Amino acid sequence: MQLPHSDILDIAHFSRLFDNKSESYKLFWFQAIAQKIKEGQKTITFETLINEMIADAWYMVLEYRLNLGPNDTLERIIHHLGKISTMKSCEKKEVILKYLDTCKDREVITMKRTLSQNVPYRLQAPFMESMKGKEWNKSGNNLAERINQEQRLMYYFLQFNGLNTQIQIQKEWADYINQNYEIIQGWVKLNLIQYLQRRNPCVPGIVDKLYPPKKRNLEKVKKYWKVLISINPICEIYGEISLNEQNISIDHFVPWSYVAHDELWNLTPTTRNINSSKNNSLPDWNTYFPMLCKIEYLSYNLLWKYPIVHTAFEKCAKDHLNNQEIKHKLYQKGLSETEFSKRLEDIMFPVYQSAQNMGFSNWNLRL
């Protein structure tokens, strides 16, 4: 990706910041710097930037279960915070930052110090070709002093004081990043997607898992099931509660935070309370998949029996059946219940199993 030209800045070396992405830290550290520059800050402490890194990676680790690396300290600190705090996996960023500002947990502080040991110094390595080998092995204070001797860097270090050490962003770089913020954010995003895809090769929808989950529009799906309910009584699959226009809610059988799509074959009607209870968990396959097959086959039969259902289905399918091969395989006319169930299982079980392997927990309403 081509970054904007500058007559006064070394963009060639700047474009190489992420050449060596063996860990995620550089990406999140620079992203935090860019965000603070956008907020008008040029003097920033290590801890402020590390808190920003944690908040940015929070959803990827806890909501989407993405792997940041085999021994990634950023991932470990987020898992630890998830255990010691009451914050949700989809918590608002400002709440996470507020908690981090006052958190005195020893493990959190220790892991923050670990995060501060390398990336503040090594991010700018492409600018410092004169620094070789053992020069990088100095302690934090001595390394900061050595780096401060270099010319035309993005930032320099002020008085060294652990997590309270400050970096000073140079005005020309702050102006460049501010003026080209959207392009630079796109560049960081591209590198982050590439990094995460390499670490999570079987996970779908990485591009949708960089930020907090957004509210999804499932109104067409809900209308489709309301049409079905108006023709034939239907009970949802988890608690076998009778559905009506007032209590219906649409659930992702395999959680959205794994599949990152709203395809009809993974959506089933339930009640709001049960949907909330299930949250981000995987329904027990042996308990609920047979029931899912029954309700889906009922809808399939009504689809081919009543024109009003077929019309509602086609409206829904425009947004919620994007794979034409699956649409043909699962919804072609004339399938027996056994054929339909087998085809649905062939589509869903690999997705379910992959989510299970990613650590999504098993859920059973009856337990």
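**Overview of a predicted protein chain**

Good morning. The accessible surface of the protein chain comes to about 17900 Å², and 48% of that area belongs to carbon and sulfur atoms; the areas come from the Shrake-Rupley method with a 1.4 Å probe.

This is a predicted model, in which local features need pLDDT of at least 70, side-chain atom pairs count only at pLDDT 80 or more, and totals for chains, interfaces and linings use all residues. Residues are numbered from 1 along each chain as its sequence is written, and side-chain values use heavy atoms, with hydrogens and water left out.

Of the 367 residues, 51% count as buried, that is, under 20% relative accessible area with a 1.4 Å probe. The protein chain has 17 helices and seven strands, taken as DSSP runs of at least four residues for helices (H or I) and at least two for strands (E). Its C-alpha atoms fill a box of roughly 80 × 45 × 35 Å along the principal axes.

Let me turn to helix packing. Helix H16 (residues 324-331) packs with helix H17 (residues 337-357) at about 155°, their axes being 9 Å apart. H16 is therefore roughly antiparallel to H17, a term for angles over 145 degrees. In contact (heavy atoms within 4.5 Å) are Ile-326, Lys-329 and Leu-330 of H16 with residues of H17 including Phe-340 and Leu-344.

The second pair is helix H2 (residues 25-38) and helix H9 (residues 171-179), whose axes come within 9 Å and cross at roughly 90°. These two helices are therefore roughly perpendicular, the term for 65 to 115 degrees. Here Phe-30, Ala-34, Ile-37 and Lys-38 of H2 meet Ala-174, Ile-177 and Asn-178 of H9.

Methods. Buried means under 20% relative accessible area, exposed over 50%, partly exposed in between (1.4 Å probe, protein chains only). Axes are lines fitted to C-alpha atoms, for helices over the stretch in contact, and angles run from 0 to 180 degrees between N-to-C directions. Angles under 35 degrees count as roughly parallel, over 145 as roughly antiparallel, 65 to 115 as roughly perpendicular and the rest as oblique.
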